[in-house]
Amino acid sequence: MRFTGTDSYIATEDLNLAVNAAVTLGRPLLIKGEPGTGKTMLAEEVARGLGMPLFQWHVKSTTKACQGLYEYDAVSRLRDSQLGDERVQDVSNYIIKGKMWEAFESEKKAVLLIDEIDKADIEFPNDLLQELDRMEFYVYETRQLVTARHRPVIIITSNNEKELPDAFLRRCFFHYIRFPDAATMEQIVEVHYPGIKKSLLKGALETFFDLRDVAGLKKKPSTSELLDWLKLLVAEDIPAEALHGDRRSIPPLHGALLKNEQDLHLFDRLVGMAGRGRRG
């Protein structure tokens with residue numbers, strides 16, 4: 001059982017090695033990288049490539065670790081008791097299974113995605129240490145021990161918004177997805193837009209990487225934003241001649257690439273300076 005990428009996801013050799021190492025070790029795979037580099041999509045493609053079910057736990061700033069295990073709906077039970085509902089006699093009727101529980105009880109070995117773990121409270125990762133180590137947890141309300149039928153392939157993503165605890169890091173296999181070079185990016189685009197005009201792709205990639213090289217950008221455009229931009233260029237039938245990789249003009253449909261006024265003003269100034277340089 002080895003992951004080698006899929007027909008819709010271009011994975012580098014290093015990334016394939018990281019996925020397979022984590023599977024072999026039975027450790028969570030911690031994935032970091034710029035937003036838009038395919039971290040979340042990796043879990044989807046690993047599940048597809050290995051023929052496993054996928055359970056996705058998307059973490060928010062208010063998410064608590066226990067929610068991935070289960071939640072006890074005491075409010076609903078109180079309401080039902082006031083209405084005389086017989087369901088209140090069985091507390092299990094008010095236990096809501098979390099994504100980790102669902103992955104643990106899956107009949108087939110599954111992939112569990114814990115997405116953007118760094119959004120949560122700093123103690124969130126530490127609160128999952130025992131469950132990740134032992135592959136089991138206790139439900140106090142029903143006095144039930146839930147044990148994983150099969151150790152899931154756990155993929156954890158982080159955008160590096162905050163540091164993760166050392167105790168948590170020790171339990172993970174780590175991989176940083178480097179931003180794709182031009183050749184790899186061309187492969188990625190071909191997967192999403194097969195048959196795209198070579199001249200358009202060449203001009204778009206030159207413009208895209210030139211834009212990423214602008215010093216002082218608050219947010220560099222990502223892979224997903226490049227794909228959005230290309231979709232618009234094709235839909236609007238923008239000719240390759242309208243694209244420039246030398247900062248002589250603002251790219252057409254630049255709203256897909258530049259996402260804040262600070263970066264737009266910076267690029268405006270660079271275009272103006274280039275124009276004055278040519279006149280001089």
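Strand β1 (residues 29–33) runs parallel to strand β8, and four bridges join the two. Two strands count as paired when DSSP finds at least two bridges between them. Strands here are DSSP runs of E with at least two residues, helices are runs of H or I with at least four, and both are numbered from the N terminus. Within this pairing, K32 stands opposite S158 of β8.

This is a predicted model, in which local features need pLDDT of at least 70, side-chain atom pairs count only at pLDDT 80 or more, and totals for chains, interfaces and linings use all residues. Residues are numbered from 1 along each chain as its sequence is written, and side-chain values use heavy atoms, with hydrogens and water left out.

## Strand β8 and its partners

Strand β8 covers residues 153–158. Strand β5 (residues 111–115) also pairs with β8, in the parallel sense and over four bridges. There, V111 has V153 as its bridge partner.

How many of the six residues of β8 are buried? Six of the six are, so the strand is largely enclosed by the rest of the structure. Buried means under 20% relative accessible area, exposed means over 50%, and partly exposed lies in between (1.4 Å probe, protein chains only).

In a regular strand, side chains alternate between the two faces of the sheet. In β8, V153, I155 and T157 point one way. I154, I156 and S158 point the other way. Both sets are buried.

## Two buried residues: L29 and H175

L29 sits in strand β1. Its relative accessibility is 1%, so L29 counts as buried. What does L29 touch, leaving aside neighbours within four places in sequence? Its contacts are A18, V19, A22, L42, I154, I155, I156, F173 and H175. Contact means heavy atoms within 4.5 Å.

H175 belongs to strand β9 (residues 173–177). At 12% relative accessibility, H175 is buried too. Residues up to four places away in sequence aside, H175 touches D14, L15, A18, L29, L30, I31 and K32.

L29 and Y176 are 147 residues apart in sequence, yet 10 Å apart in space, C-alpha to C-alpha. Q187 and Q262 give another such pair: they are 75 residues apart in sequence and 31 Å apart in space, again C-alpha to C-alpha. Q187 is found in helix α8 (residues 182–192).

Strand β7 (residues 144–147) runs antiparallel to β6, and four bridges join them. E136 stands opposite T147 in β7. The two strands form a hairpin with four residues between them.

R143 lies in the loop between β6 and β7. Its phi is about 55°, although R143 is not a glycine. M135 lies in the loop between α6 (129–134) and β6. Its phi is near 55°, also a positive value in a residue other than glycine. Are these residues buried or exposed? M135 is buried, whereas R143 is exposed.

The table lists relative accessibility for the residues discussed.

| Residue | Relative accessibility | State |
|---|---|---|
| L29 | 1% | buried |
| M135 | 6% | buried |
| H175 | 12% | buried |
| Q187 | 45% | partly exposed |
| R143 | 72% | exposed |

## The whole chain

The protein chain has eleven helices and nine strands. Its radius of gyration is 24 Å, well over the 19 Å that the globule rule gives for 280 residues, so the chain is more spread out than a compact globule. That radius is taken over C-alpha atoms, and the rule is 2.2 Å times the number of residues to the power 0.38. Along its principal axes, the C-alpha trace spans about 85 × 45 × 35 Å.

Buried residues make up 44% of the 280 residues. Among contacts with a separation of 6 or more, 72% join residues 24 or more positions apart. The chain exposes about 15,000 Å², and carbon and sulfur atoms supply 49% of this area. Accessible areas come from the Shrake-Rupley method with a 1.4 Å probe; for residues, only the protein chains shown count as cover.
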